[in-house]
Amino acid sequence: MSDLDLEMRRMLCSTSLGYTAYHVWAQQARRERRFNIARLLEASSNVKRIKSEVAFRSLGEVGPTAQNIERALAGLEPATVATGPVTGTSTISRSLMTRAARALDAGRDLNADELGDLYVCGTCGEMMEGAPPPFCPVCNTVHEGFLSFRAAEAMGALGPQSIVKKLEHTSATLHALVDGLSEDCLSRRPTRGYSLKELVGHLADMDAVFRERAWLILETEQPRLPSAHPPTLAKATVYQHMPIGEMMEIFQNTRQQTLGLLRGLTAAAWHRTGHHEVFGTIPLTHQGNWVISHERAHLVEMAQIRHDLLTQLDETHPLQLQNRLFQRS
Ligand SMILES: [Zn+2]
């Protein structure tokens, strides 16, 4: 193995590990609602991904697809080598991570004015902060070839139509998730986490937060969006003893009001902005993506809870299951 080959193998191992590490850390930061830090980690993950792809290609590991499939079947087994540190390896990375560490020490996310938009060169993986230069300072790739990690897009890229469609769909999904389960089942908390009732209540609470922000953006000039933390799940205990029918009505009412506000808005209206301490100056579409990504995560969680509840029921009360199936058909 030549020195260059050895260096490339070291790069491949180091950047592949770095890619996975940053990517999973980004997922965790999102779970902890540290959205700017998540954006920084996701950009860092892409730096590593691009560098590992460059190394993999330059090692001659990529041929025509027929050959790649053959190699895949044969079980690719590159020589592994000691890598040294795999993260925090560049000056810009260390500077950004240090900022994140300071914010976390203060128990918060990075604020919008503490982390600019991030760009990663799609060719060489160079990371840049702030307004992007016309071409990459390292490899001359034009800025059209950069990946962007901008605060305004960090919540997702759904447009107005998709946002409204998804918001319309949630009630039906919720109905299917609670269908056929007894009040007792719906109030049952899994070992870790919340009951289905608490989650329905939480989604209703968050819909109201979203609607208030949307209203401010639409009806006032450059509003400061309430930075008070949205109602957390811990506050949803009040819903534990409410009949599910009533709760579904609460959700449907708030959602109908929200949809009433959003339906038929012009593209210009969707691009009106407000200022949020953490997200920065963001358009209404950002907040639409925010509420949908939040909802999606909880709907997955609820589907899992339902599945687990049904499995438990099957094991303990086969007769109840039969009754339930009978009632449904
Ligand atoms: Zn470059």
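## Basis

The model is predicted: local features need pLDDT of at least 70, side-chain atom pairs count only at pLDDT 80 or more, and totals for chains, interfaces and linings use all residues. Residues are numbered from 1 along each chain as its sequence is written.

## Domains

The domain assignment of the protein gives domain 1 (3–77 + 84–153) and domain 2 (160–328); such bounds come from an automatic or database domain assignment. The C-alpha centres of the two domains are 33 Å apart. Seven residues from domain 1 and seven residues from domain 2 form the contact, where two residues are in contact if their C-beta atoms, placed from the backbone, lie within 7 Å.

On the side of domain 1 that touches domain 2, four residues are nonpolar, two polar and one charged. Here Ala, Val, Leu, Ile, Met, Phe, Trp, Tyr, Cys and Pro count as nonpolar, Asp, Glu, Lys and Arg as charged, and the others, Gly among them, as polar.

## Nonpolar core

A nonpolar core is a set of buried Ala, Val, Leu, Ile, Met, Phe, Trp, Tyr and Cys residues joined through C-beta atoms within 7 Å. A residue is buried if 20 or more other C-beta atoms lie within 10 Å of its own, exposed if 12 or fewer, and partly exposed in between, with C-beta atoms placed from the backbone.

The largest nonpolar core has 55 residues, and Leu40, Leu41, Ala43, Leu118, Val120 and Val200 have the most contacts inside it. Helix α7 (residues 196–219) gives the most to this core, with nine residues. Domain 1 and domain 2 both give residues to the core, so it lies between them.

## Strands around β1

Helices (H or I, at least four residues) and strands (E, at least two) are DSSP runs, numbered from the N terminus. In strand β1 (residues 118–121), Leu118 and Val120 point one way, Tyr119 and Cys121 the other way, and all are buried. Leu118 touches Arg39, Leu40, Ala43, Met127, Glu129 and Phe149, leaving aside residues up to four places away in sequence.

Two strands pair if DSSP finds at least two bridges between them. β1 pairs in the antiparallel sense with strand β2 (residues 127–129) over three bridges, and with strand β3 (residues 146–149), also antiparallel, over four bridges. Leu118 has Glu129 in β2 as its bridge partner, while Cys121 has Phe146 in β3. The hairpin of β1 and β2 has five residues between the strands, and Gly125 there takes a positive phi near 85°.

## Helix α3

Just after α3, Gly75 takes a positive phi of about 85°.
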